[in-house]
Amino acid sequence: MKVKTYFIINQYQRSRTTDRRSYVTLACEHGGAAARFTEEQLQQTKQFRKSHVLPRNILRFFREQDVSYAVSAQKIYNVVAKIKKNQMQGRNKVDEVFCLSAQWGYTIFYRNSEESNVLSDIVIAHPTSIAMIRTWPYVLIMDTTYKTNKYNMPLLKAVGMTLTGKNFTVATAFMCNEQATIYRWVLNK
């Protein structure tokens, strides 16, 4: 099946300068109808999302199924974002972390800042990891990365090692800063 593609050249004038810029818009003969998800495609996308398939691979799957598939990658990303938002059921991101951690059996320790009652430090660990570090407390490697989130909170990753040389994650923590008192609090938890 051949699809006719049209090139539409648009121009706009910049507001502060007098130069004109041209850009090209691609359109196909299907128009807007081809750029919409069918109910079946939406269900398949939800299923892919449950399996943690990347949006670019979802798009590739749909294009392999139908060569004339006209939905853009941005549409796939928007649908995946809407699916995530619906799964959160109106909770904010911090509440979602607490909800999912409880659902999957993780242990959470947290504390709020004293002056503003805002979450300042949080430690997340799985009970199996806690049992493993109690069994093999000999090696504990900690590393902190910076600017990994929009709040600029340092992310601490603690990794232990078994006697056979296998690594396991002990805990993950977001900290408000890197003071010694905060490291002590994290290690005591």
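Student: How many aromatic pairs does the count give?
Tutor: The count comes to four aromatic pairs. Rings of Phe, Tyr and Trp (its six-membered ring) pair if their centres lie within 6.5 Å; planes under 30 degrees apart count as stacked, over 60 as edge-to-face and the rest as tilted. The model is predicted, so local features need pLDDT of at least 70 and side-chain atom pairs count only at pLDDT 80 or more, while totals for chains, interfaces and linings use all residues. Residues are numbered from 1 along each chain as its sequence is written, and side-chain values use heavy atoms, with hydrogens and water left out.

Student: How do Phe-48 and Phe-61 pair?
Tutor: They form an edge-to-face pair, with 5.0 Å from centre to centre and 75° between the planes. The pair links distant parts of the chain, as Phe-48 is in helix α1 and Phe-61 is in helix α2, 13 residues apart. Helices (H or I, at least four residues) and strands (E, at least two) are DSSP runs, numbered from the N terminus.

Student: Which residues are in the ring cluster?
Tutor: Ring pairs link Phe-48, Phe-61 and Phe-62 into a cluster.

Student: And which residues of α2 are buried?
Tutor: In α2, residues 55–65, the buried residues are Pro-55, Ile-58, Leu-59 and Phe-62. Seen down the axis of α2, these residues fall within an arc of 100°, so they line one face of the helix. The arc is that of the directions from the helix axis to the C-beta atoms. An α-helix has 3.6 residues a turn, so residues three or four places apart point the same way.

Student: What is on the other side of α2?
Tutor: Arg-56 and Glu-64 are exposed on that other side. The cover over the buried residues of α2 includes α1 (39–50) and α3 (73–87), where contact means heavy atoms within 4.5 Å.

Student: A new topic: how many salt bridges are there?
Tutor: The count comes to two salt bridges. A salt bridge is a side-chain nitrogen of Lys or Arg within 4 Å of a carboxyl oxygen of Asp or Glu. One of them joins Arg-91 to Glu-96, with the closest N and O atoms 2.9 Å apart. Arg-91 is partly exposed at 25% relative accessibility, and Glu-96 is buried at 11%.

Student: What does Arg-111 meet in a salt bridge?
Tutor: The side chain of Arg-111 meets that of Asp-121, at 2.8 Å from N to O. Arg-111 lies in strand β3 and Asp-121 in strand β4 (residues 119–125), so the pair ties together parts that are ten residues apart in sequence. Asp-121 is buried at 1% relative accessibility, whereas Arg-111 is partly exposed at 28%.

Student: Lastly, which residues make the nonpolar surface patch?
Tutor: Tyr-138, Val-139, Ile-141 and Leu-163 make this patch of about 440 Å². Patches are made of residues with over 30% relative accessible area and no salt bridge: like charges are joined within 9 Å, nonpolar side chains (Val, Leu, Ile, Met, Phe, Trp, Tyr) within 5 Å. Accessible areas come from the Shrake-Rupley method with a 1.4 Å probe; for residues, only the protein chains shown count as cover.

Student: Where is Leu-163?
Tutor: Leu-163 is in the loop between β6 (155–161) and β7 (167–174), and Leu-163 counts as exposed at 67% relative accessibility.

How values were computed:
Buried < 20%, exposed > 50% of the residue type's maximum accessible area, 1.4 Å probe, protein only.
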